[in-house]
Every structure is written in structure tokens, then in C-alpha cells.
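Please keep the sequence and the structure in view while reading.

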Amino acid sequence: MEPTIHRGLAGVYFDTSHICHIDGERGELIYRGYDISELTDASYEEVVHLLWRGELPTRDELSAFRQELAPLFALPDGVIEALRNLPKDTDPMHALRSAVSLLAAYDEDPDGVDDTNVRRIGASLLVRFPALVATFERLRRDLPPVTPDPELTIAGNFLYMLSGEAPSEAATRVMDVALVLHAEHGSNASTFVARSTASSLTDTYSAITAAVGSLKGPLHGGANAAVMKALEAIGSVEAVEQYVLDTLADPKGRVMGFGHRVYRVLDPRAAILRGVSERLAEESGDSTWFEMSLEMERVMDREMEKKGRQIKANVDFFSASVYRMLGFPSDQYTPIFAVARISGWMAHLYEQYADNSLTRPRIHYLGETGKRFVPIDERG
Ligand code: SDX
């Protein structure tokens, strides 16, 4: 009997989890019982505590969590040197993926997959991701790496280590919201890769290195940079409509930042980021990117309505204009996504290692069988 094939594992539930629920029909995203709209006033550390330990922290628990994290920002000298020696035009996602892998060589116990050791590595990666992204950004600009300030939060230190200047409250708040919204999203491609890699009981660094590689792809976390590339190529609000129509005219065309494997309505994170983008546009006095994004969303909604399709903006769409207005180069947009998603990946690794089952699906063979070997001398 022919097996049923589920390409891309679309609609397939491969395990259970207590971390995140997505209702694609209603456009709902829930982290450990809280609707995402409830968490936008929380700091990234509060949400990580929720994702990792199951509850939002009390003030004392948050303070203890931050004290545990503060000394972990420091990067091994060998990793900094490796980043320094990379070609300046290295894609920051190649740099991040390579550096994460290298961290294993400097870890006292990189391979232990017991809960205590995996959580120790997780806490270290949580703060080393922003440190790695910021350090490579400084080095590729021939600027000295910035030593983190233990008084600052993860969002604040990330901005501080990038610029060398104490970040404003407003910028830190926006970064906190962006990190919270991008922290976790169920079994998306990179989280599935992290869990399936860990399922062989290989080490945490190998699983997270694989996840960074998956996130880089333009169909996944790489879409935010692709959105900005498209907006830059379009150049003006007036040219947006034709760009969308030309893209949709190509059956293989994809308007980046739109569509989702699970959401059939607007991604709730996109709705929140649209508001952040609008506020930044007002505050900056330059609404170019926001207006172009609104126009692209208007034309896509109109064209999809005509086709009877539910292809709406996703989390990557408005984050592009937000990061642009925060001053980030577009090749740092996906690394920012990784700085957030390390928390979701680790939450899932805690679950995977605690109750593991090797991920090993089947693939249906369509080739021949029964062929006989002919020695090379007789094969002509
Ligand atoms: C993220 O999974 C997650 O949770 C991911 C994420 C997370 O937080 O981890 O939410 C983050 O990765 C968001 C997605 C970012 N990617 C993009 O914005 C890239 C552009 N989007 C598409 O490539 C696409 O929508 C996907 C990959 C996101 C989802 O695609 P599916 O479910 O595999 O569907 P598909 O590509 O097979 O498209 C189905 C139909 C096609 O038409 P037909 O061939 O059936 O006629 O919808 C059309 C597609 O042409 N379509 C689009 C489109 N997305 C789907 N048409 C134009 N533009 C698009 N963006």
C-alpha cells in the first residue's frame, strides 16, 4: 500500500510540548499559558524565565536570574580571535554559526546532556548570542569589542555592546519587545532541527549550531533581511504595487515577509510589530519604510483577497522596518532573530533531553530494486 507522504511534515504532530501553542486559524500565540499580547510589557529575561521554568519570575527570582547570567556574557579569547580573523565581509550568520560551534571547545563539559549541564550551557548561550553578534559587528568595523555592563539587561547590553554607548530606555524597550516576540514559536524549522539533532543525544552545541543554520534560510529567519532588500530595491511607496504584482505574476515568486505554514490569518506578532514600526516612524520623522510596508501589506491583502488566499504578513515583515529604524544593517536582522530564538531553542532542548525519542521518520523509495552487480571490467 502506498504510504501517505507529508511533504515538509506539513500538519504533522511529532511530539507534545508544554512551552508554546499556536492557533493558526484564530491567529493566537501562547507562551506557557500567556497570550503573546499579554507579554509585550515584560522584559526578555522575564519571558525566558517563563519559557524555561514555567512561570513569570517574582522580582527576587528575576534578580537572581539576572545575577546568574551576568558573568556568563564574557566570550573565550580564542573565540574573539576567531571572529577577528574572519573576512570582514563574512555574513554575520556564518560568523554566529561558526562561533557557536567553537564555544564547545572552550566548555568544561560540552557533551553532558543531563538537565543540569544542558541548562548551564543554555544560560551561557542565552547571553553569549548577543555578545557574539555584537562582537563580530564591532570587529568587522575595526572597532574594539565592548565589555558588557552587568547592570544592563540582555536587551540593553546587546545595544550597548554594539554601539559602545549606553542605550536609551526607549531603544532598550523596543529591543525587549522584539526579543520577546521572536523568542519562541513551537516546532518551526529551526526548533525542529534543534530537537531532532538533540534526539541522537548529541551535545547542545551541535544541536544549536544546526538550528542557527536552519534559521538563516530566507524561507525562515532570513526573511526579515529579504524584506528589507526588497524594500530597498523598490525604492518608493509608489513603486510597491507594481513590485508585488510582478512578483505574484511569477508562480515561483514569493513576497518575503508574507505567508506562513501555520497562520491562516495575520501573525499576531506582525500586528504588534506594525504598531512598533509606526511609533518609531513617528518618533524618527522618517516614515519611508513604514509607509512602504503598509502599502505592500495593502496590495498583498487586496491581491490575496481576489485569489481567495489567506497569505498575510508574518513576524519577519514589520520587523524589517523596525530594525532599519533602530539603525541595524540588514545582514544583522537574522542574527537578532537568533539572539531571541536561542531561548525557545533551549526551552525545547530541555524538553527533548528530559524525555527523548530519536527522530527518525521514513522516506518513500521510488527507485528500482533487484539490480545485479556487474564487475567494472565487464561494465565497459
Ligand atoms: C518564519 O514556522 C514558523 O513558525 C516560522 C516563524 C517562527 O517564528 O519561527 O514564524 C518565522 O520563518 C516566518 C516565515 C518567514 N518566511 C517568509 O516570509 C518567506 C516567504 N513566505 C513563503 O516562502 C511561505 O509563505 C512559507 C515558506 C513561509 C510557508 O510556505 P508553505 O506553507 O510551504 O506554503 P508554500 O510555499 O507551498 O505556498 C503555498 C501557496 C503557493 O501557491 P501555489 O503554488 O499553491 O499556487 O501559497 C503561495 C505559494 O505561491 N505563497 C506565496 C507566499 N507564501 C505562500 N505567494 C507569494 N508570496 C508569498 N510570500
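On a 1 Å grid over the protein atoms alone, a cavity is a set of points where a 1.4 Å probe fits but cannot get out, whereas a pocket is an open set with protein on both sides within 12 Å along at least five of seven lines; lining residues have an atom within 4 Å of a point. The model is predicted, and local features need pLDDT of at least 70, side-chain atom pairs count only at pLDDT 80 or more, and totals for chains, interfaces and linings use all residues. Residues are numbered from 1 along each chain as its sequence is written, and side-chain values use heavy atoms, with hydrogens and water left out.

Rolling a probe the size of a water molecule over the atoms shows where empty space is left. A search of the whole structure finds two cavities of 30 Å³ or more; a volume is the space filled by probe spheres set on the grid points, which are joined across faces, edges and corners.

| Space | Volume |
|---|---|
| Largest cavity | about 50 Å³ |
| Second largest cavity | about 40 Å³ |
| Second largest pocket | about 420 Å³ |

The lining of the second largest cavity consists of G259, H260, Y263, R264, V265, D267, Q310, K312 and A313. In the classes used here, Ala, Val, Leu, Ile, Met, Phe, Trp, Tyr, Cys and Pro count as nonpolar, Asp, Glu, Lys and Arg as charged, and the others, Gly among them, as polar. By these classes, that lining has three nonpolar, three polar and three charged residues. The largest cavity is lined by L83, P92, A95, L96, L132, V133, F136, Q332 and P335. Eight of its lining residues are nonpolar, one is polar and none is charged.

**The second largest pocket**

Thirteen residues line the second largest pocket, and I5, H6, R362, I363 and H364 lie nearest its centre. Its lining divides into seven nonpolar, four polar and two charged residues.

**The ligand site**

Which residues are the closest to the ligand? They are H185, F258, H260, R269 and R341, among 24 residues that surround the ligand (one heavy atom within 4 Å makes a residue near). This shell comprises 10 nonpolar, eight polar and six charged residues.

For R309, a side-chain N or O atom is 3.1 Å from an oxygen atom of the ligand.

Definitions and conventions
A polar contact is a pair of N or O atoms within 3.5 Å; within protein, one must be able to donate a hydrogen and the other to accept it, and residues adjacent in sequence count only if both atoms are side-chain atoms.
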